[in-house]
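The sequence and structure are shown first.

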Amino acid sequence: MSADPLLSVRDLEVVFHTERERIHAVDGVSFDIHAGETVGLVGESGSGKSVTARSILGLVETPGSIEAGEIRFRGEDLTEDNWDRHRGDIAIVFQDPSNSLNPVYTVGNQIEEALRIHQGLRGQAATRRAIDLLEDVGIPDAPRRVDEYPHQLSGGMQQRAVIAMALACDPDLLVCDEPTTALDVTIQAQILDLLADLKREEDLAILFITHDMGVIEDATDRVNVIYAGEVVERAATDELLAHPAHPYSRALLESIPGRTPPDEQLPTIEGEVPTPTEPATSCRFAPRCPKAFDDCEAVAPEHVRVDSHGRTAACLLHDPAYEEGER
Amino acid sequence: MTTDDSLLSIQELETYYHDDSLLESESPVRAVDGVSFDIRAGETLGLVGESGCGKTTLGRTILGLETATAGRVTAEGRDVTDLDRGERRAWQRRVGMVFQDPEESLNDRMTVGEIVQEPLQAHDWPTLRVAVDGGDADLRGGPVTLVDGDAETVDIEVTVRGGDADVVVRDELPLSTDDVAVTVERDRDGPVAEITVEKSSGELRRDRAFDLLDRVGLSTEHFYRYPHQFSGGQRQRVGIARALALEPEFVVLDEPVSALDVSVQARIINLLEELQDELGLTYLFIAHDLAVVRHIADRVAVMYLGNVVELGPTESVYSDPSHPYTVSLLSAIPGSGSSWEGERVTLRGTPPSPRDPPTGCPFATRCPAKIRPDDYDLTERTWRALDELRVVFRTRERAEQSAAETFRSLVGLDVAGEELDETVADVLDDCDLPPAAREIVDEAVAMARGGADARAAEHLRQHFGSRCDRDHPELAERGAAWTSACLRHEPEYDSVAETIAAREEGERS
């Protein structure tokens, strides 16, 4: 962990401009990813996790724009329009594989295109490599499948093909935006196994974005919990699951059905995720937080260390300035 | 297996989809392929399985939204798959359905009030059933009919005493006793109660809609809004209110929380449980999320390729799954939400096409505990490779042949070419095939090269297939009200759990 991170996101702010308001979709997000490491970004819909993913690839389009912060890849800030120089070093896999594949080209064509652009391979050599990639991602009978169209593949096979396409540019970092959400649980298990193998064999770093805490548990080493555009807790995955420090992390974990005995009511979080239209002047979770006290509505909490393993949480409960008596 | 407390009994139900075009008639899609079970009054029966396994079709067939091609669904002795028009409408009032995607299942051009009232209008609700005790009745205003005091549901009960009358209105109705005016007159035969309901049908429907919204945790102001103004969780509440409008006994919940965030999901699950307690509902809860089903269901049915392969009390099935498919499904749940403590059993491949299901056990092509024949002594890895090869041939058989391939097969040329050899080599990579087995594989490959993929698959099946490829397992008793359909449950075989554990061990070493 002492080496420089492969990717370092610092105070990223992405704002969407609508007629009526400015939506701070990503509001000061910071995290690091080292080579060969899988880092999770977990949160509910509207929390800004997908926008963060798109920012890293330079895919934020109007009315959205990156207003502040840095996205350093190998030390170079991508936000200074350096995306093209690293095109191919970072690849993304989206949730719905059928949207990522062009229905009128064969799977082989699409992988070969990526190989031509990123590795200069053409003709037989490209086909050969495309078949190898399809085999690497576990598509059986790859020599035949390479000539098939996306609709001829099942959902799981399509997602494998998308991953093969992402691997065609030989990336160092794979951003996976809910890659298994559209898939059945048995197929999800196959894709998670595949990503774990790839990480091990190719020393790939993976940013894993999901709403599913179970997937986070199985697939990631470290995790960032994101709420209303802000990372509220940062921890090693097993630590987070065992002892969530931020009240939101705890509430999110508790509302998963598997953790409550079947005859009991599920703990819930009242209210809705707010849409951040103003810069944060208070804790955005405070209105829904069971532990909120007066200052939570007045102070925007900074990340503070929670334990000696580098875990941090943005919550006044953990701020040494607020001792037990002052709450 | 019919018990006294069963609300519905499903017997040998089949739903096949035929799409005969003029030119060719393909084999039908066997969405539901011979399913039998009971649904008990007041329970939540979970129905789990992968997408395309037929669980939604099963739910819709039970409600009469799809046409059963064989079998029966019996409620109170009547087969509800075969009702005339009037009976069908009566049945539809007794059942409801909540759909997965609240975004698509609500009409965006209607207000929430209109949406919730729609089933009421479609069924000319209300027809208030009035029973009068102690005298004759004369019904005046409002949507009222006279029924016998012994009738199943009585909405307004009038008891005449002397010159006065007591009125009782059923709780569930948006009607108070003040809305029912009763005057008692005497004629030659005795007292006659003149009964007037002072609310119109329209008012009653509107008030019913307000009650329903309140019941699902929405408020009066939501009545006038449009679905797009709501969050996903609120929209699903509207869908639930609509399903409950006609006071059904039985509700099919088709993935009701799958599209929702986990914190919203928890609230909808709690709401569904509350409503069940208050209204005495029976649920068929269809979901692919096994943790959700474990939380809400009393019993769970596991479905694979149109068949129910295991059915039992939820806790029994989750803590000690019998069927190898249930084992695989539970072990695939990510994280510690799973009750499975062993190694994850990752299933190979995807389910076969429901147009062309395997002849024996539907799960045989992917089963981690498949029975192997005694004829060859092969490692599990090799057996799986041989199975995979057969799947390759079967898939090729179903794939469209290009014009060139068709031509080549017609003139007897090599259809498959080098790619086939490559695939075979890849599949059988680091498998140790004895010469006798090798010979059979080579024969099959030769057939496939000539374009006869079906024959190649069949050749492999004949030599390497097992009982699982031949015999369709029936549901066998596993415990109290707990059944599972696997040939391994027969006494001469090792158990599913032992087999899987031993094979996974062998795979790793």
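Gln11(B) stands opposite Arg72(B) in strand 4 of chain B. The model is predicted: local features need pLDDT of at least 70, side-chain atom pairs count only at pLDDT 80 or more, and totals for chains, interfaces and linings use all residues. Residues are numbered from 1 along each chain as written, and chains are lettered from A in the order of writing.

| Strands of chain B | Bridges | Direction |
|---|---|---|
| strand 1 (residues 6–17) and strand 4 (residues 70–75) | four bridges | antiparallel |
| strand 4 and strand 5 (residues 78–79) | two bridges | antiparallel |

Thr74(B) has Asp79(B) in strand 5 of chain B as its bridge partner. The hairpin of strands 4 and 5 of chain B has two residues between the strands, and Glu76(B) there takes a positive phi near 50°.

In chain A, helix 4 (residues 107–119) packs on helix 5 (residues 123–136) at an angle of about 115°, with the axes 9 Å apart; axes are lines fitted to C-alpha atoms over the stretch in contact, and angles run from 0 to 180 degrees between N-to-C directions. Helix 4 and helix 5 of chain A are therefore roughly perpendicular (65 to 115 degrees).

Between the chains, the contact (C-beta atoms, placed from the backbone, within 7 Å) takes 36 residues from chain B and 40 residues from chain A. Helix 7 of chain B supplies the largest share of the chain B side, six residues.

Methods
Contact = placed C-beta atoms within 7 Å. Pairing = 2+ DSSP bridges. Parallel < 35°, antiparallel > 145°, perpendicular 65-115°, else oblique.
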